[in-house]
Every structure is written in structure tokens, then in C-alpha cells.
Amino acid sequence: MTALGSLAWPPAPIKTERLVLRESEARDRAAFVDLFASPEVGTYVGGARPRDVLEQAMPEVPGQRPGCFVIEHDGTMIGMVTLDPRDPQRQGHVRPEGGETELGYMFLPTAWGHGYAAEACAAALDWFTEALPGEPVVLCTQSANDRAMRVAAKLGFTEVERFEDYGAEQWFGVRTRATPTA
């Protein structure tokens, strides 16, 4: 069982100054399609997916699984943050057996440049750290993705290694936090 698998899901919605992190709902389906069909969003994650394929394949309630937070601003989904076990077969690990929790996120282009990614990811990481003190979280992004590199630094990730994957240089980092104090 992975670290995340030991937690009750979903948690109560997490509120930040401007955002709500919550479980996915049926009303988020159109935003999920927009997110995965966006050429801008797909730039560093393997490209956009065809909208017609997404419309047919997307479940009625997408992203309804442990570790997937919908990010809501003013009542509307603007993106998602995920905490998933990192595939042991992929490059980049801080444990020999792999399976570390990996932070991922995607936001609609209209939400870019407002600090929402850092705010939402920090809230998800705070929740995770409180639930599983001392558990490391890893992040992997293309080193060419300047925005993601800035968010990683802001969130306290430190570089572990760089490697080639998906035809591009990847930056792999880890965030470890001591047990929170009351």
C-alpha cells in the first residue's frame, strides 16, 4: 500500500485565501475536457488530447479518486492538483523501492500568472504533511518549463537529479518536511 492509500478519502474541502481544493463533481466534466484538450496545458505533458475523444471517454465524474483535488476559484474549476504514487518503473526516486508520493498539477491557461498553482499546491502539501508527517513528496517536470520550476522552488523542492525522458530533460526534486509542530 502506498502512503496515500492509508488515508481516508476524500478529505473535507481545503480552503485557502482564494481557492477551494475539493473532490471532483459532475459539474467539473467540461473543465476537465478543456484542461486535457488545451494545447497550452499540453506543452510540457505530452501534448493536448483530441477534444472529441475526451468528450466520449471522459467519465461523468472525472478525477474521482484518492489524491486528486479539483481547484475551484469563485465556484468554478480552474485546475487540479494530484498526489499519486510515482511509478517504480520510471526514472527518478528517493527510495530504492520507489512508490514515493508525487505532486502534479494542471491549470487552465486563464488561471495562469495569478499564483494559484503555488497556493493550491502548498495547501495540498500542507494537508499531506499533516496527515503523513515525514513522508517525502517528489516532483518531476521538464527543466524547460520555467513556470513549473519557479513553483517547485517556491514550494521548497530541492533538486535530486536531472535525466532524459519523453525526449526532454526532466528536473526531479524532493520536498521533505519535519513533523509539524502544534
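**Pocket and core of a predicted model**

Trainee: In which strand is H73 found?
Mentor: The structure discussed here is a predicted model. Within it, the strand that holds H73 spans residues 68–73. That strand is β3.

Trainee: Does H73 count as buried or exposed?
Mentor: Leaving aside residues up to four places away in sequence, H73 touches R18, L19, I78 and Y116. Buried means under 20% relative accessible area. The relative accessibility of H73 is 19%, so H73 counts as buried.

Trainee: Which element gives the most residues to the lining of the largest pocket?
Mentor: The largest pocket has a volume of about 1400 Å³, and 45 residues line it. The elements that contribute two or more residues to this lining include β4 (76–85), β5 (101–107) and α4 (116–131). With 6 residues, the element that gives the most is β5.

Trainee: How many residues of the lining of the largest pocket are nonpolar?
Mentor: Lying nearest the centre of the pocket are V45, G104, Y105, M106 and N145. The lining as a whole includes 13 polar and 11 charged residues. The number of nonpolar residues is 21.

Trainee: From which element does the largest share of the largest nonpolar core come?
Mentor: This core has 32 residues, and L103 is one of those that touch the most other members. Among the contacts of L103 are V81, L83, C121, L125 and F157. Elements giving two or more residues to the core are β3, β4, β5, α4, β6 and α5. The largest share, 9 residues, comes from α4.

How values were computed:
Residues numbered from 1 in each chain as written. Predicted model: local features only at pLDDT ≥ 70, side-chain atom pairs only at ≥ 80, totals over all residues. Heavy atoms only, no water. 1 Å grid on protein atoms, 1.4 Å probe; cavity = no way out; pocket = protein on both sides within 12 Å on 5 of 7 lines; lining within 4 Å. Points joined across faces, edges and corners; volume = space filled by probe spheres on them. Helix = DSSP H or I, 4+ residues; strand = E, 2+ residues; numbered from the N terminus. Nonpolar A, V, L, I, M, F, W, Y, C, P; charged D, E, K, R; others polar. Buried < 20%, exposed > 50% of the residue type's maximum accessible area, 1.4 Å probe, protein only. Contact = heavy atoms within 4.5 Å. Core = buried A, V, L, I, M, F, W, Y, C linked by side-chain atoms within 4.5 Å.
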